[in-house]
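Here is a short tour of one part of a protein model, written to be read with the structure open beside it. Have the viewer ready and follow along.

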Amino acid sequence: MAWNQEKQKKQKDSFWIGFIPGIILPISIIIFMIKQNTDQSIGYVLEKLFLIIHNTGMHHLMVGILPNLVLFFVFYMMKKEKAVSGAFVGTIPYIILMFWVF
């Protein structure tokens, strides 16, 4: 085995490495942005999250999805193809939600 094959073998590439941050990152960004603009508790924000997003428009949802683009780029540059596909699949529910709500 050549030295570069050994190095590539040590790096982990998994679908879940991209999927879990792809699902969690946008919702946490959205909750942070909403919480920053209101004095209500986190429980209230979580309870009314869908209604808040629907009333404020697509702005929060689009800004929440932007960090996933950075995630795609980072995994792509690290040559982790499975993680890129996981991040993409994690983004799909938010894209569907954008078209369904608006």
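Thr-56 sits in helix H4. In this predicted model, Thr-56 has a relative accessible area of 38%, so it counts as partly exposed.

Helix H4 covers residues 49–56, and its buried residues are Leu-49, Ile-52 and Ile-53. Viewed down the axis of H4, these buried residues fall within an arc of 95°, so they line one face of the helix. Their cover includes H2, helix H3 (42–47) and H5.

Let us move on to H5. This helix runs over residues 59–77, and its 19 residues should span 27 Å at 1.5 Å a residue; the C-alpha atoms at its ends are 28 Å apart, which agrees. Buried in H5 are His-60, Leu-61, Gly-64, Ile-65, Pro-67, Asn-68, Leu-71, Phe-72 and Phe-75. Looking down the axis of H5, you find its buried residues within an arc of 160°, so they line one face of the helix. The other side of H5 carries the exposed residues His-59, Val-70, Phe-73, Tyr-76 and Met-77.

| H4 | 49–56 | 95° |

How do H2 and H5 pack? Helix H2 (residues 15–36) meets H5 at an angle of about 145°, and their axes are 8 Å apart. The crossing of H2 past H5 is right-handed. On the H2 side, the contact is made by Ile-17, Gly-18, Pro-21, Gly-22, Leu-25, Pro-26, Ile-29, Ile-30, Met-33 and Ile-34. H5 contributes His-60, Leu-61, Val-63, Gly-64, Ile-65, Pro-67, Asn-68, Leu-71 and Phe-75. Sorted by class, this contact of H2 with H5 holds 14 nonpolar residues, five polar ones and no charged ones.

Finally, take a look at what follows H5. Lys-79 lies in the loop between H5 and helix H6 (81–101). Is Lys-79 buried or exposed? With 63% relative accessibility, Lys-79 counts as exposed, because the cut-off for exposed is over 50%. Its backbone is worth a glance too: Lys-79 is not a glycine, yet its phi is positive, at about 60°. Most residues other than glycine have a negative phi.

How values were computed:
Residues are numbered from 1 along each chain as its sequence is written. This is a predicted model: local features need pLDDT of at least 70, side-chain atom pairs count only at pLDDT 80 or more; totals for chains, interfaces and linings use all residues. Side-chain values use heavy atoms; hydrogens and water are left out. Helices (H or I, at least four residues) and strands (E, at least two) are DSSP runs, numbered from the N terminus. The expected span of a helix is 1.5 Å times one less than its number of residues. Buried means under 20% relative accessible area, exposed over 50%, partly exposed in between (1.4 Å probe, protein chains only). The arc is that of the directions from the helix axis to the C-beta atoms. Axes are lines fitted to C-alpha atoms, for helices over the stretch in contact, and angles run from 0 to 180 degrees between N-to-C directions. A crossing is left-handed if the near helix is turned anticlockwise from the far one by less than a right angle, and right-handed if clockwise. Contact means heavy atoms within 4.5 Å. Ala, Val, Leu, Ile, Met, Phe, Trp, Tyr, Cys and Pro count as nonpolar, Asp, Glu, Lys and Arg as charged, and the others, Gly among them, as polar.
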